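This report covers aromatic ring contacts in the structure shown below.

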Amino acid sequence: VFSPHGASVAYVGRIGALARIVRDGVAGPAFERIRFDTLAFTRDGRLGVVVRRSGQYHLWLAGELGPAFDEVQRPVFNGTGCGYLGRRGRAYALVLNGRITALPGWVQAAGELQLGPDGRHHALLATGRGRAHILSDRGIATFDRVVSGSLVLDPEGRHWACLAGQRRPRGLFFALEGLGRVPFDPRLARHSDRGSSEPATGPAQVALDGIACAVLARLEETP
């Protein structure tokens with residue numbers, strides 16, 4: 001991977017049973033495993049990646065190891081902020097800019113962490129107690145279900161939005177933090193990456209870009 005300005009390059013190499021991070025031709029420390037799919041530069045040029053040492057996973061960021069977990073999800077870098085979700089046993093925690101916050105004990109699974117541009121505001125998707133929940137720095141919102149991959153933040157990180165559903169009466173809607181609900185209209189979901197005006201054939205086939213465009217467009221229309 002290349003740094004944002006192209007001044008540095010990094011990759012993962014292996015010597016025998018150990019893996020190393022190589023930046024600009026200089027090999028770093030050895031680890032049991034390096035998740036090369038998580039290797040990334042921050043905007044300010046720091047290098048981060050998920051590694052395993054002594055059977056535990058850590059975020060390695062700018063030469064420093066983060067706390068140990070049984071599982072570390074892909075980190076999110078936004079501005080100067082860094083966040084990720086870790087799991088120890090059945091307990092999940094959010095690590096945001098080095099600070100660990102335990103998620104509620106009823107959380108059975110968590111993911112899809114989103115960070116605002118200042119690295120402080122966040123939102124994530126969790127399941128537990130038979131329902132889906134959006135956990136953010138501003139509270140918890142609960143739904144019967146949330147469509148995987150639909151959680152987004154607006155460009156300023158002021159509000160989150162997602163495509164959610166209810167069991168009775170059955171239906172889908174856009175849930176907009178602090179702004180209520182907007183009924184789901186498949187015609188709003190465009191395949192924006194190709195500029196197509198043809199609507200998707202069903203909620204399960206709505207492109208993530210289309211969801212993001214529709215949600216953010218609605219947020220921008222709201223004063």
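F143, W160 and F173 form one aromatic cluster. The model is predicted, so local features need pLDDT of at least 70 and side-chain atom pairs count only at pLDDT 80 or more, while totals for chains, interfaces and linings use all residues. Residues are numbered from 1 along each chain as its sequence is written, and side-chain values use heavy atoms, with hydrogens and water left out.

Rings of Phe, Tyr and Trp (its six-membered ring) pair if their centres lie within 6.5 Å; planes under 30 degrees apart count as stacked, over 60 as edge-to-face and the rest as tilted. This rule gives three aromatic pairs. F143 and W160 are edge-to-face because their planes stand at 85°, with the ring centres 6.3 Å apart. This pair joins distant parts of the chain, 17 residues apart: F143 lies in strand β16 (residues 139-143) and W160 in strand β19 (residues 160-166). Strands here are DSSP runs (E, at least two residues), numbered from the N terminus.

F143 also forms a tilted pair with F173, at 6.1 Å centre to centre and 55° between the planes. Here strand β16 is linked to strand β20 (residues 171-176), which holds F173, 30 residues from F143.

| Residue | Relative accessible area | Class |
|---|---|---|
| F143 | 6% | buried |
| W160 | 5% | buried |
| F173 | 6% | buried |

A further ring contact involves a charge: the charged end of R88 sits over the ring of F69, 4.2 Å from its centre. The criterion is NZ of Lys or CZ of Arg within 6 Å of the ring centre and within 35 degrees of the ring normal.

How values were computed
Helix = DSSP H or I, 4+ residues; strand = E, 2+ residues; numbered from the N terminus. Buried < 20%, exposed > 50% of the residue type's maximum accessible area, 1.4 Å probe, protein only.
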